[in-house]
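Let's take a friendly look at how two protein chains can meet. Please have the sequence and the 3D view open as you read.

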Number of protein chains: 2
Amino acid sequence: MKSRAATTKRRTRIQRENEELILESALEVFSKHGFRGSTIDQIASAAGMSKPNLLYYFRRKEDIHRALLNRLLDTWLAPLRALDPKGDPLPEIQAYIARKLEMARDYPRESRLFANEILQGAPHIGDELSGPLKELVDEKAKVIASWVDEGRLAPCHPHHLIFSIWATTQHYADFDAQVRSVLGRAAPARFADAAEHLDALFMRGLAP
Amino acid sequence: MKSRAATTKRRTRIQRENEELILESALEVFSKHGFRGSTIDQIASAAGMSKPNLLYYFRRKEDIHRALLNRLLDTWLAPLRALDPKGDPLPEIQAYIARKLEMARDYPRESRLFANEILQGAPHIGDELSGPLKELVDEKAKVIASWVDEGRLAPCHPHHLIFSIWATTQHYADFDAQVRSVLGRAAPARFADAAEHLDALFMRGLAP
DNA sequence: ATTTTGTTTGTCCATTTGGTAAAAATTGCT
DNA sequence: AGCAATTTTTACCAAATGGACAAACAAAAT
């Protein structure tokens, strides 16, 4: 049996380095042009290597995309995982919103990568959405529902509250072009202003 | 001088019909696969005509895309235009949110088309964004700011309030795949639930 | 009816793109 | 050093795609 990059657990230093380099470059390219809008050549040259060389590590374009999405899903959902059922409702949600907004600011490429994938109907990670993602959301929605029941949070539809938080925070990464255009040339304070605004909106909107 | 479909004002019945047919088909295809992911062949066959025939009406793929975006921007911004400075703040915003959500429900393809364009950095309508769109938003932001000044609305950053409304409502069109996955197979009431949730969130969040 | 104008089709082409195969170069190990 | 495994390059291919062109066809105008 031949030992292949994809199948073998034992990976060389060069393999590790190059796979990392490829994924980083692919994130840059995919997040900017979408899956179909990106070419292997673009990714390869962004990674400073030849196309066949890149294909030595990932045999298909789709493999790179999948690897990226899988690797990112965990990081992306970390803030929601951190929502503590034993904490105080308002501060917990407040912290969640703040964390999500920070991620939109610090990892806009990741956000856009996901946005692109979902926009196209989630052809590559549909299973992840209706599986692990749904489970996590359902679990946290229950937590929120119990907070509502206990009167520690204004009545609201938990799932849709989570959607609202996703939408408002990721908006600043996914629709950055629009935000910049509307706010005028450079809008250096846009994330700070957004933080203030979202905090006020949700805290007032959710206070019992 | 030859009279061309693109340059002449005088258009025949067949021109009008076919251009309409092409734009409708293109909306279907572009909104599903994005600009680069869509082929002229797909659009042509969706319109039930041959590729060269389609290219007779729109000489370049990009022309179709541009025509679509231009035609849609007006419709898309109509709800914001309808925000009445002389109306009552809360009901005005309430109606705006409701209208925007209805548009996400009734015109998801249009929403996704825009989302795709903005995600890629708005290469085709950047000018529209920083021109007419910015002006409209600035104008309405002033209205909101004056409401805040008069104490008829909770303090908030007007531009970001508008962003929040865009984000939360369009989320149900743009991220439909995710919403469906998370809510489970068929989620027939998702728009009704969303309407209720967003209404509560924003009305509580914005009440003075 | 004939000419002019508008519409449609068939054919073709250059480029781009995802991917392959095998040779050449490099690295790691003993 | 010398050998095997890994990595990189060169050359190549088939399919897909955007678009050009002229001939054939239909509709209007005269």
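Here is a short tour of the interface and its symmetry.

This is a predicted model, in which local features need pLDDT of at least 70 and side-chain atom pairs count only at pLDDT 80 or more, while totals for chains, interfaces and linings use all residues. Residues are numbered from 1 along each chain as written, chains are lettered from A in the order written, and side-chain values use heavy atoms, without hydrogens and water.

**The interface**
- Chain A brings 56 residues to the contact and chain B brings 56 residues, where contact means heavy atoms within 4.5 Å.
- Between them, the two chains bury about 4,600 Å², with 64% of it on carbon and sulfur atoms; buried area is the accessible area (1.4 Å probe) that two parts lose on being put together, summed over both.
- A:L119, A:V182 and A:R204 supply 15% of the area that chain A buries against chain B, more than any other three residues.

**Polar links**
- The rule finds 16 residue pairs in polar contact across the interface, both residues being at pLDDT 80 or more; such a contact is a pair of N or O atoms within 3.5 Å, and within protein one must be able to donate a hydrogen and the other to accept it, while residues adjacent in sequence count only if both atoms are side-chain atoms.

**Symmetry**
- A rotation of 180° with 0.0 Å of shift along its axis superposes chain A on chain B, with RMSD 0.1 Å, by least squares on the C-alpha atoms of residues with pLDDT of at least 70 in both.
- That is the relation of a two-fold axis.
- In chain A, the C-alpha of A:G205 is nearest the axis, 1.9 Å from it.
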